[in-house]
Amino acid sequence: MKYLIHLTIFCLSVLNGFGQSETLIPQEAVSVVSINNISLLQKISLDDLVNYEFMEELQQELFDGSTEGKSIKDCGIDFDQRMNVFVGNAVDYEVGGVTFGISNQAKFFEVFDDYDKVPCDYPGVELYSSYFNRIAIKGNYGVLLRVNPMMELVDMLTDSIWYARGNEYPWGYGYDEIYNDLDGENIEEAFELMEELETIENTNNPSADDTFPIASNDPTQKTYFELRDSVEMSLQNEYMQQVSKNIFVDKKCLFSADEEFRTLVSHSSDAAIYLDNSRYFMQGSSIWYFQAMYPQLYKELGELYESNVIIGDIQIKDNTVEFLVTSKYNEKLGSIYEEMNSAKFDKNVLKYIHQDNSAFFTYNVNLLGAYEQSMDVIVPILEKETSSKVTANLLVLELMDALIDKNTVFNTYRGSMFGTYNGVETIKAKKIIFEYDDETFEYIERQVETEEEMPIFLIGYSTKREDIIRKVMKRLDRLSDKVIAYNDYWIIHDAILNAAPAYVFMNNGLFMITNDKNIPTNYFHGYGSNALSKKNAKKAKKSATIYAFADMEKAVENLPSSLFDGRQNEMLDFIRGKSGNIEITSGGAKEFSSDFKLVYNLNGEQDDSGTYILDLINSIYVLTK
Amino acid sequence: MVLYLSYNNDMKVHRLLALVFPLLLIASGCVEIIDDLSLNADGSGTFKYTVNLSSSKIKINSILALDTLDGRKVPSLDEIKSDVDRLIKAFKNKDGISEVSLDANYDDYMFKISCDFNSLLNLQNAIKSVILEETEYKSLPELDHDWLSFKENVLERSVPKITIEKTKEIRQADKALLREGSYTSITRFDKIIDDFRNKNAMVSKNGMAIMLKTNPYSLIEDQRLLDNTIYLKSDK
């Protein structure tokens with residue numbers, strides 16, 4: 001019956017005409033941002049649009065002036081079709097790009113003027129190519145596509161060809177050290193260093209002492225890096241052909257391959273988000289080492305993450321942007337999440353959230369339950385892996401599980417926590433100034449007090465073992481002159497950004513840290529009648545795992561700009577002067593899914609809802625990339 | 001047609017920037033620089049360079065707590081320490097340079113570098129050489145000029161162009177914050193100062209030191225602001 005329903009949805013969706021630009025998304029796509037109501041974006045300038053990180057495939061257009069002074073409206077895009085931005089990967093290559101509808105092809109290529117038409121064998125498809133990307137147009141929709149081979153594969157093939165040609169070991173500049181130390185943690189560092197070394201080779205005036213990989217004394221022979229570039233280019237072409245053939249000839253695309261995605265794009269929401277968490281995790285570029293070293297464990301973990309998909313709908317209603325997210329998973333993973341979400345809400349946290357606070361969150365989990373369920377699920381997986389390293393780690397894990405008093409551990413740190421942001425206050429800090437002697441201009445240093453603006457926060461963790469934390473603090477008081485005990489609390493000097501003190505105290509089964517001295521001294525037992533209103537407290541209690549609320553006006557208006565960089569301040573400036581609330585609620589973990597909801601109430605300011613939605617999409621894209 | 005910017009090609013320059021200006025860039029608000037040159041009659045002397053970022057330590061600490069900033073990796077404190085130590089080590093090995101010392105206070109972000117030199121030429125060559133090593137010998141036209149010369153009781157000095165040129169890469173919004181900083185250039189002699197060209201300069205009461213003060217923003221806007229020609233009396 002379920003199959004029949006999905007089949008019906010699929011057929012209806014095709015008949016209704018959607019599934020056009022969506023049908024050009026490669027099946028390798030792991031995350032997709034699908035904008036349905038792209039008329040929202042009409043007013044956005046193209047320069048602003050391509051500046052968003054999720055539009056990075058279009059960013060080359062920024063540099064040639066072809067987007068200057070134009071909006072999406074001016075570039076021949078069809079507003080009746082979805083725009084889908086995607087990234088993803090297969091084992092050997094990565095894909096990225098955007099699919100869109102086209103209403104005016106001539107206008108479209110005024111913007112995408114880097115592209116030249118190239119011969120194409122796919123029926124009904126026009127192909128355009130630039131140095132990096134391809135654009136394929138089929139009727140009134142198209143895809144801008146980039147395919148890059150995985151660098152591990154490129155390096156492996158290059159080495160193979162290099163040695164087969166009779167060349168010697170190509171490296172003479174620290175590569176041994178890089179590879180000898182190579183493990184999961186420093187792979188990224190090693191690749192960065194290799195890129196640097198490649199740049200050294202291309203330097204016009206290399207140091208005389210440096211030796212670089214050269215093929216031979218014959219200048220017509222390729223250097224190692226030239227060979228690697230050729231291999232990369234060749235693989236890029238091959239995979240581009242493969243991905244294009246899948247889409248245009250074999251009709252294999254994400255839309256046809258994934259039921260969740262098909263259902264998602266049948267929704268009438270303004271935008272939708274799709275993230276295949278299982279492939280994101282299992283095919284991530286950082287896991288290749290793990291895959292090579294522990295193939296059985298890799299396979300088992302793949303089963304654990306199977307069917308793990310995050311889907312979300314973004315909807316603009318009146319003055320509200322709603323983002324509804326569902327995380328789907330299989331029974332094994334679901335059993336861990338269910339245990340994790342079985343915690344009883346700790347009402348004591350509500351006493352320490354002031355009714356006028358700018359932003360707060362509560363996070364409610366049963367860490368002990370989640371741990372025990374994780375052991376039940378993960379130990380059998382680890383048992384199947386025969387490598388000595390995993391077996392040794394499993395032994396340590398099982399011994400710790402048997403010997404450590406888990407109740408004590410998880411009663412000390414139970415997992416549930418809360419945090420509040422209480423605005424900005426001026427704090428005393430210190431700086432060094434120089435005083436000059438008029439006679440000689442010699443100078444001396446002097447430390448003076450200065451005032452700095454600092455965000456004020458309170459973070460608390462639920463605990464049943466205040467006695468253990470008290471022991472730790474008591475010893476720290478002896479060990480460090482920065483920790484000083486008072487009657488009911490401790491001061492840790494220079495704890496916040498090495499400039500301001502933090503205050504630690506415990507009460508009502510909560511271990512709390514704040515940089516506001518008022519809280520341990522005047523509100524040790526909570527804010528009393530000034531605590532969070534009953535209405536808001538009820539919302540927090542009702543929201544299963546997480547509840548968060550932020551009054552954007554209060555939260556952002558007074559944030560000190562000196563604590564943020566230029567780009568962050570530009571984003572904050574956009575919010576400054578506007579009002580609105582953000583509320584995040586969760587529906588709790590069910591057997592196969594968990595629901596979350598983010599509501600952004602614009603307080604009647606809907607002039608620029610396109611920008612709001614783009615900001616939200618971009619944040620989600622960056623987080624899920 | 002302009003395509004993607006090649007970060008690789010500029011990597012070495014960025015690496016240098018990451019070493020020379022990292023804290024200046026992220027704490028561009030309240031940087032205080034003191035450039036203190038003591039010159040003996042024979043052309044030898046002592047050079048001290050102080051960078052005081054204590055006013056921005058909260059901002060620096062908040063940024064060092066991040067992994068990336070504007071899409072670039074934020075170096076850890078250990079990486080910064082290691083890079084600074086490497087620079088000092090490289091400087092120690094240069095001809096005509098001795099008594100190199102670094103007083104680095106990573107709590108308040110105050111850095112004091114000091115060295116003795118045989119001649120101003122050796123001092124400049126040593127600085128140029130370290131920069132070239134750090135940039136992997138990338139061609140830097142800003143290094144072509146000499147910013148110090150001393151002949152017959154006349155000292156001509158300016159600010160090394162590379163420090164100004166690279167600071168220009170700071171975004172306009174951040175650059176405006178440099179107005180709050182200060183750049184002080186002090187030159188000391190073992191003789192009495194007779195005259196000087198820069199009208200903004202002040203001579204110490206003992207007549208043997210001269211000071212020019214501006215802010216980094218003004219210096220970027222007008223690179224010649226601290227240029228000066230100082231004439232010394234023949235006898236003390």
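**Ground rules.** I worked from a predicted model, in which local features need pLDDT of at least 70, side-chain atom pairs count only at pLDDT 80 or more, and totals for chains, interfaces and linings use all residues. Residues are numbered from 1 along each chain as its sequence is written, chains are lettered from A and ligands numbered from 1 in the order in which they are written, and side-chain values use heavy atoms, with hydrogens and water left out.

**Entry 1: positive phi.** I looked up N508(A) and found its phi near 55°, a positive value in a residue other than glycine. I placed N508(A) in the loop between β16 (500-507) and β17 (510-514) of chain A; strands are DSSP runs of E with at least two residues, helices are runs of H or I with at least four, and both are numbered from the N terminus. N508(A) is partly exposed, at a relative accessible area of 25%. My scale calls a residue buried under 20%, exposed over 50% and partly exposed in between (1.4 Å probe, protein chains only).

Then I turned to E152(B), which is not a glycine but has a positive phi of about 45°. I found E152(B) in the loop between β7 (148-151) and β8 (154-157) of chain B. E152(B) is exposed, with a relative accessible area of 77%.

**Entry 2: the sheet of β7 and β8.** I followed those two strands of chain B into an open sheet of four strands, ordered β7-β8-β13-β10, with antiparallel pairing; two strands pair if DSSP finds at least two bridges between them. β7 and β10 (193-196) of chain B each have a single partner strand, so one side of each lacks a neighbour in the sheet. From one strand to the next, the twist averages 15°. I used axes fitted to C-alpha atoms (for helices, over the stretch in contact), with angles from 0 to 180 degrees between N-to-C directions.

I saw three bridges between β10(B) and β13 (residues 228-232) of chain B, and F196(B) stands opposite I230(B). Helix α5 (residues 120-134) of chain B packs on this sheet, touching β7 and β8 of chain B, at about 165° to β7(B). Contact here means heavy atoms within 4.5 Å.

**Entry 3: the seven-strand sheet.** I traced an open sheet of chain B with mixed pairing, in the order β5-β6-β2-β1-β9-β12-β11. Its edge strands are β5 (97-105) and β11 (202-203). Six bridges join the antiparallel strands β9 (residues 182-189) and β12 (residues 209-214) of chain B, where Y183(B) faces T214(B). Helix α4 (residues 77-92) of chain B lies across β5 and β6 (110-117), running at about 165° to β5(B).
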